Amino acid sequence: MRGVVWLRRDLRLQDQPALTAAFADCDDVIPLFVFDDSLLRARQFGSPCVTFMVTCLAELTGALAARGLALQWRRGNQIEEVLRFVADVKADAVYWNRDYEPGAIERDRKVQQALMTRGVVVHTFKDHVVFEAEEIRGSTGDPLQRYSAYRARWWTKWHAATPPLLSLPVRLRAQRADGSSPRIALPTVEDLGYQTVPLSITPGEKEAQRRLRWFLDGPIHTYVEGRNLPAIDGTSKLSPHFRFGTLSVRTAVHAAVGTLATGGRRSRRDVLAWIDELIWREFFQQVLSSFPQVASGPFRSKDGLPRPRPAGSELNRLYAAWCEGRTGYPLVDAGMRQLNRTGWMHNRVRMVVASFLIKDLRIDWQSGERYFMRQLMDADLAANNGNWQWAAATGTDSMPGYRIFNPLLQSRKFDPEGAYIRQWVPELATVPTDRIHAPHLMTCEEQALAGCRIGTDYPSPIVDHRQAREEYLALGKQEVTA
DNA sequence: TGAAATGTTGGGGCG
DNA sequence: ACGCCCCAACATTTC
């Protein structure tokens, strides 16, 4: 029997349900990846994301080749290419891991339908999450909209039905050393119409496993404090690996739960706080799969929320300043420049820049969502959309609309020495610590001494936070009474 | 997974 | 010694 494994966001060998099932059923297994032209042309994703994906695929190609398997790839319309490939190789069955994005669900439905009419068996699997939306429901059977309720059910489910880890198929265990195994050249990032960029997070399954071990051996045990400090390497930075499936989320949760037994009580809350982040990720996956309309707009009505700034040159000016990291608020600018330079931003800072865009600049949160998708190498529709809706107070379980981050206080609290700011905003590197969070308050003498002229070397604040905050709250009130 | 405004308390300076 | 005021520190409420 011949089976095709259609790879998508599951670029690994370990704990890989579709791959494992194919090897259990078939004597001939062909892994396939399809580069989707319309997706590539739409430019929803940027070069960091595409570079990460292509590099992961290259590593996977090598890992498969070492085991005597040639990863096949096609480029074009995914539906057509998969159907054509399956017909060409005369496969009996096709295996894939499920994807919960509305577009992917529609695509997979069409492929499955077409394959079934041709007598090809389709097997799909849960892979991207620990629990799918249908597995975590409230007492009424409806999807849970509050994170706290979702988390409680998630843990109940975990204890009642812990998903096991899959062992590597026997035929993937032995590596061939003869070097005669087939190896097919992948398209380069440039072939796909993007630029190869240096990545701040190393792609590939091997690296994902290494990083997970490193994180569980150290930073996770001080995670509650450490995750809020953007100047230190205190977070797992596994988001792109979960995005492309170079690490199984079940592997991660099992490993983290495993450290609960050995670690002290002090680190227990830290480990649970990290698992919380993984549950947030599943929560947002579940929101997207239960309410697919969130992908294109706010989940709840915008009552009580100020109308975004109207289109015009003022909006363009403010939006460009935010994108390029020259708002005059050092922490915001540091975050945006980290994003632009590395394709990743520390999560604490993501919240700060999101609040700043929405509340201080009064710009539509979907502009921020789109910008993040284009810049982030961990660009994931469910997580990105969920977090932006959270920040904008339009989501299922959102931050209240009146909760406005003060960029100055956040800066002093979470980057007290200004190390993060100095790293990403070099023109502020020599500004003394007591001025680094609000450099525009420097006197002329201080500016000369620091070698940083405000308005020339570094911008003065593009909006006054206090004033912007009051305007935002006042406009919100208007929307309620209107 | 806020921040600002407002309220309360208690110590110390001082007339 | 006493009351008064100031204000820091903390708690509560409001947006």
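Let me start with the contacts of Val 54, which, leaving aside residues up to four places away in sequence, touches Leu 186 and Val 189. Please keep in mind throughout that what we have here is a predicted model. Val 54 sits in helix α3, which covers residues 47–65, and because 21 other C-beta atoms lie within 10 Å of its own, where 20 or more are required, Val 54 counts as buried. For a sense of distance along the chain and through space, Val 54 and Ile 421 are 367 residues apart in sequence, and their C-alpha atoms are 31 Å apart.

From there I would like to move to the sheet. Five strands form an open sheet in the order β3-β2-β1-β4-β5, and the pairing is parallel. The edges are taken by β3, residues 72–76, and β5, each of which pairs on one side only. Averaged over the sheet, and with direction ignored, neighbouring strands are turned by 25° against each other.

Strand β1 itself, residues 2–7, is mostly covered, since five of its six residues are buried. The pairing of β1 with β4 is likewise parallel and runs over three bridges, and here Val 5 stands opposite Tyr 95 in β4.

Trp 96 stands opposite Thr 124 in β5.

Next, a word on backbone torsions. Asp 15, which is not a glycine, has a positive phi of about 50°, and it is found in the loop between β1 and α1, the latter being residues 17–25. Is Asp 15 buried or exposed? Asp 15 counts as buried, because it has 22 C-beta neighbours inside 10 Å. Lys 237 also has a positive phi, near 55°, and its place is in the loop between α9, residues 223–226, and α10, residues 239–244. With 18 other C-beta atoms within 10 Å, Lys 237 is partly exposed.

Finally, let me turn to the DNA. Which residues are found around DNA strand B? They are Glu 277, Trp 280, Met 351, Met 399, Tyr 402, Arg 403, Phe 405, Asn 406, Leu 409 and Gln 410. Sorted by class, this surface near DNA strand B has six nonpolar, two polar and two charged residues. As for the elements that contribute, α12, residues 265–290, and α18, residues 407–414, each supply at least two residues of the surface near DNA strand B.

Note on methods
Residues numbered from 1 in each chain as written. Chains lettered and ligands numbered in written order. Predicted model: local features only at pLDDT ≥ 70, side-chain atom pairs only at ≥ 80, totals over all residues. Near = placed C-beta within 6 Å. Helix = DSSP H or I, 4+ residues; strand = E, 2+ residues; numbered from the N terminus. Nonpolar A, V, L, I, M, F, W, Y, C, P; charged D, E, K, R; others polar. Pairing = 2+ DSSP bridges. Axes fitted to C-alpha atoms, helices over the stretch in contact; angles between N-to-C directions. Buried ≥ 20, exposed ≤ 12 C-beta atoms within 10 Å, placed from the backbone. Contact = placed C-beta atoms within 7 Å.
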